[in-house]
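Hi,

Here is the structure I promised to pass on. Have a look at it first, and then read my notes below.

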Amino acid sequence: MEHKPKLAVSACLLGEKVRYNGEASEFRALTQKWNGHFEMMGVCPEVGIGMATPRPTIRLVNNGKSIRLVNPKNGDDLTSPMLEYAQLQADVLVESGICGFVFKKDSASCGLERVKVYREGHTHATHDGMGMFAKIFTTLYPHIPVIEEDQLTDARQAEHYLARVHFFSLWYQEGLNGWTPKAIMEFHNVNKLFLLSRSANAKRRLERLIAQGFDNDDRPETVALAYMTEAQQSLKVLTKSGPIAHAMERVLGKLSSNLSKNERQEVLDTINDFRQGLLPRSAPLTLLQHHLRRCHIDTPIHQRFLSPIPQSLGLMARV
Ligand code: SF4
């Protein structure tokens, strides 16, 4: 990957001692394994609204009308400063060109899901909230891929998320040249096999969205933004082996006339073994890469599917 995508990250995950207790929650995959591939930008919303480190823990409280961000020790309501900070900071981050955001789980400011929400005057909490900063960010910018750090400990989740980030980064780079209807179609065409492999219906839905946008005479920038928003919503669900195996069979279809019967059967068997969980994804992908190169029919469409993330991230052998 030539261009290093920018990743916003909850600052404590990058080893910054900004937590309520004056400590960090360093997530080493980010700081020691993947840091060469991304430009990481640490953001601590609680420090951003002027809180000290260390500081009292703050929590989400449902007062019956709305969910507030509260310091339970002294009753301070931090909702307004957090809302104001979140809107400003989200704009700054997106304008700087971030391609994803890794949030700290369980935090009343940064958590994406299952964050504790207390009922006012009660000690009991439900686990169905979203950190206030994360909520504002994802509401304002639903086209940017987000995840919590604990999901990245699973190789399949990590590969899928980083593939979404890379996909976003290509879209962002393309957009710097100015979107045109032709550029949107070309971007979609190059990525359609990748999309098909990750979400069975995304490709068709996106083609309909592009056609509707053009029919309505929407501005290309508007169509491109709607395209990425829809694409990232579709890609939220972790892909299963079935759609990936199906995309591999499509590549094999392109190759078939160049392969002997035995070679074709060998690839088919390897794809089937992957589908059944007997082989990692890298086994059929390597075989397909080999035949595409040997037959000189390698294309950007194939490459987007076969190499969605750089191999040096160390994830492809584990999925
Ligand atoms: S507000 Fe977010 S970045 Fe700051 S310490 Fe809490 S979880 Fe980490």
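The crossing of helix 6 and helix 8 is left-handed, a label used when the near helix is turned anticlockwise from the far one by less than a right angle, while right-handed is the clockwise case. What you're looking at is a predicted model, where local features need pLDDT of at least 70 and side-chain atom pairs count only at pLDDT 80 or more, though totals for chains, interfaces and linings use all residues. Residues are numbered from 1 along each chain as its sequence is written, and side-chain values use heavy atoms, with hydrogens and water left out.

Back to that pair of helices. Helices here are DSSP runs of H or I with at least four residues, strands are E runs of at least two, and both are numbered from the N terminus. The axes of helix 6 (residues 181-198) and helix 8 (residues 220-234) come within 10 Å and cross at roughly 15°. (Axes are lines fitted to C-alpha atoms, for helices over the stretch in contact, and angles run from 0 to 180 degrees between N-to-C directions.) The two helices are therefore roughly parallel to each other; the cut-offs are under 35 degrees for roughly parallel, over 145 for roughly antiparallel, 65 to 115 for roughly perpendicular, and oblique for the rest. On the helix 6 side, the contact (heavy atoms within 4.5 Å) is made by P181, I184, F187, H188 and L195, and on the helix 8 side by P220, V223, A224, Y227 and M228. By class, that gives nine nonpolar, one polar and no charged residues. Ala, Val, Leu, Ile, Met, Phe, Trp, Tyr, Cys and Pro count as nonpolar, Asp, Glu, Lys and Arg as charged, and the others, Gly among them, as polar.

Next pair: helix 9 (residues 241-255) and helix 10 (residues 261-275) pack at about 170°, with their axes 9 Å apart. That makes helix 9 roughly antiparallel to helix 10. Among the residues in this contact are I244, M248 and L252 of helix 9, plus V267, L268 and F274 of helix 10. The class count is eight nonpolar, three polar and three charged.

Then there's helix 3 (residues 79-96) with helix 4 (residues 132-140), whose axes come within 9 Å and cross at roughly 45°. Helix 3 is oblique to helix 4 as a result, and their crossing is right-handed. Residues that meet here include M82 and Y85 in helix 3, and F133 and I136 in helix 4. This contact has eleven nonpolar, three polar and no charged residues.

A cavity is a set of points, on a 1 Å grid over the protein atoms alone, where a 1.4 Å probe fits but cannot get out; a pocket is an open set with protein on both sides within 12 Å along at least five of seven lines, and lining residues have an atom within 4 Å of a point. The largest pocket has a volume of about 580 Å³, where volume is the space filled by probe spheres set on the points, joined across faces, edges and corners. Of its 28 lining residues, R19, I58, D106, S107 and A108 are the closest to the centre. Strand 6 gives the largest share of the lining, three residues. The pocket lining divides into 14 nonpolar, five polar and nine charged residues.

Cheers!
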